[in-house]
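Please look at the structure below alongside its sequence.

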Amino acid sequence: MNTIAIALSDERLLKLQKLANGLNVSIEELVLIGIENLLLPRTKCRKRSPIDRVSVLH
């Protein structure tokens, strides 16, 4: 297993924290769900996850 570090503005970190809290998951879980969904083949039916209920962060 590997670790990835990313730089986020305070505003984006706050948005992630709020989303994660609202979905009752950690920020790490929320980000991992998003990454896993991005890596699924587009033709495959994607399983519903908490990330499906949130909009893309800008």
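This is a predicted model: local features need pLDDT of at least 70, side-chain atom pairs count only at pLDDT 80 or more; totals for chains, interfaces and linings use all residues.

Within H2, the buried residues are Leu30, Ile33, Gly34 and Asn37. Because these residues cover an arc of only 95° around the axis, they lie on the same side of H2. An α-helix has 3.6 residues a turn, so residues three or four places apart point the same way. Glu28 and Leu39, both exposed, are carried on the face of H2 turned away from its buried side.

The partner of that buried side is H1, against which the buried residues of H2 pack. Two packed helices are described by the angle between their axes and the distance between the axes. For H1 and H2, the axes come within 8 Å and cross at roughly 90°. H1 is therefore roughly perpendicular to H2. On the H1 side of the contact are Leu13, Leu16, Gln17, Leu19, Ala20 and Leu23, which meet Ile27, Leu30 and Val31 in H2.

In soluble globular proteins, nonpolar side chains tend to be buried together. Here the largest nonpolar core consists of five residues, namely Leu16, Ala20, Leu23, Val25 and Leu30. Helix H1, residues 10–23, supplies three of them, the largest share. Alanine 20, a member of this core, is in contact with Val25, Ser26, Ile27 and Leu30 when its neighbours within four places in sequence are left aside. Leu30 belongs to the core as well, and is one of the buried residues of H2.

Methods
Residues are numbered from 1 along each chain as its sequence is written. Side-chain values use heavy atoms; hydrogens and water are left out. A nonpolar core is a set of buried Ala, Val, Leu, Ile, Met, Phe, Trp, Tyr and Cys residues joined through side-chain atoms within 4.5 Å. Buried means under 20% relative accessible area, exposed over 50%, partly exposed in between (1.4 Å probe, protein chains only). Helices (H or I, at least four residues) and strands (E, at least two) are DSSP runs, numbered from the N terminus. Contact means heavy atoms within 4.5 Å. The arc is that of the directions from the helix axis to the C-beta atoms. Axes are lines fitted to C-alpha atoms, for helices over the stretch in contact, and angles run from 0 to 180 degrees between N-to-C directions. Angles under 35 degrees count as roughly parallel, over 145 as roughly antiparallel, 65 to 115 as roughly perpendicular and the rest as oblique.
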